[in-house]
Amino acid sequence: MVKQNVIVVAVDGSAASQTATRWAANTALKRKEPIRLVSTYSMPQFLYAEGMVPPQELYDDLEAEAMEKIDTARKIIADFDESIEVSYQVEEGNPIDMLLDISQDVTMIVMGSRGLGGFSGMVMGSVSAAVVSHAKCPVVVVREESDVSTATKYGPVVVGVDGTGVAEKAIEMAFAEASARKAPLRAVHTWIDMQVQASLAGLNAAQKQWEEIEEDQKRLLAERISGYKDKYPDVEVEQIITRDRPVRALADASEDAQLLVVGSHGRGGFRGMLLGSTSRALLQEAPCPLMVVRPESKV
């Protein structure tokens, strides 16, 4: 299946979803790509009890309710910029199935979050976990309070570089986003964790040893991004090496960012929250929209 250059926005009518729609509109302008608004509706299961067949009028009412949410999102985009091309897709059924199927051939999926650990409306709980963990394209989570502003429109793109192959797709996506947005890129690498601390504590490491390790980590970061700097020469890159926890370091580096990009394994076959601990924590704590990129994501 050929990938379509389209940004998909999950619409549920909530304030968080509306914030996500505005963020997607800003992204669509910068990427010069259209938006597809998607929503689902489902018939309450008890109406199928004892062989009952729900009346067509009820289906029509549910579809009309979903279309009202779509129309509200379309107005938000038009108010942001009338030149953005917008289509929509409304289906009866499971939103997980719909979004995961869509993820196979689109640029990205954008979802709203209340910022309290759950997504709003149609993308709540198991739906959010499944989409973020198993989508075949990058998924952007936009918290309700992360509305587009003059400051966040032009902030940097931040990417976490952990020295493993998992981050490779995230780095590639971050450079592509920074280039499209004409924004600087902050590549953040943290090199202290529990294992490093334990080994150094026993050695009573001197400051010189810390400096040597830090220099090694600088070389590692430079190697990880060198190929992408050549591919995207227009992107100004700031390299940040810090002895800190990844979640705190990435959150701090993203205070003025328009996007934070992280990679995630998303291992396993179940539709649950299968993210790594850093990605999972950042869904709660990132101060800006968070893009989760899995190794099989298409860039």
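Select Arg-181 and the residues it touches: leaving out residues up to four places away in sequence, these are Trp-23, Asn-26, Thr-27, Lys-30, Val-157, Gln-258 and Leu-259, where a contact means heavy atoms within 4.5 Å. The model is a predicted one, in which local features need pLDDT of at least 70, side-chain atom pairs count only at pLDDT 80 or more, and totals for chains, interfaces and linings use all residues. Residues are numbered from 1 along each chain as its sequence is written, and side-chain values use heavy atoms, with hydrogens and water left out.

Stay on Arg-181, which lies in helix α6. Helices (H or I, at least four residues) and strands (E, at least two) are DSSP runs, numbered from the N terminus. Arg-181 has a relative accessible area of 6%, so it is buried; buried means under 20% relative accessible area, exposed over 50%, and partly exposed in between, with a 1.4 Å probe and protein chains only. Now show side chains: that of Arg-181 makes a polar contact with that of Thr-27, at 3.0 Å. A polar contact is a pair of N or O atoms within 3.5 Å; within protein, one must be able to donate a hydrogen and the other to accept it, and residues adjacent in sequence count only if both atoms are side-chain atoms. For Val-157, the C-alpha to C-alpha distance to Arg-181 is 8.8 Å, and the two are 24 residues apart in sequence.

Next, select Phe-175, Tyr-228 and Tyr-232, which ring pairs link into a cluster. Rings of Phe, Tyr and Trp (its six-membered ring) pair if their centres lie within 6.5 Å; planes under 30 degrees apart count as stacked, over 60 as edge-to-face and the rest as tilted. Searching the whole structure gives two aromatic pairs. One of them, Phe-175 with Tyr-232, is stacked, with 6.0 Å centre to centre and 25 degrees between the planes. Phe-175 is in helix α6 (residues 167–181) and Tyr-232 in the loop between α8 (207–231) and β8 (237–242), so this pair ties together parts 57 residues apart in sequence. Phe-175 is buried at 0% relative accessibility, and Tyr-232 is buried at 15%.

Move to strand β10 (residues 290–293). Leu-290 and Val-292 point one way from this strand, Met-291 and Val-293 point the other way, and all are buried. In a regular strand, side chains alternate between the two faces of the sheet.

Last, select Val-11, Gly-13, Ser-17, Gln-18, Thr-21, Lys-69, Thr-72, Ala-73 and Ile-76, which line the largest cavity. The elements giving two or more residues to this lining are α1 (15–31) and α2 (56–80), and α2 gives the most, with four residues. The volume of this cavity is about 40 Å³.

Zoom out to the whole chain. It holds ten helices and ten strands, and 51% of its 299 residues count as buried. Of the contacts between residues at least 6 apart in sequence, 81% join residues at least 24 apart.

Conventions:
1 Å grid on protein atoms, 1.4 Å probe; cavity = no way out; pocket = protein on both sides within 12 Å on 5 of 7 lines; lining within 4 Å. Points joined across faces, edges and corners; volume = space filled by probe spheres on them.
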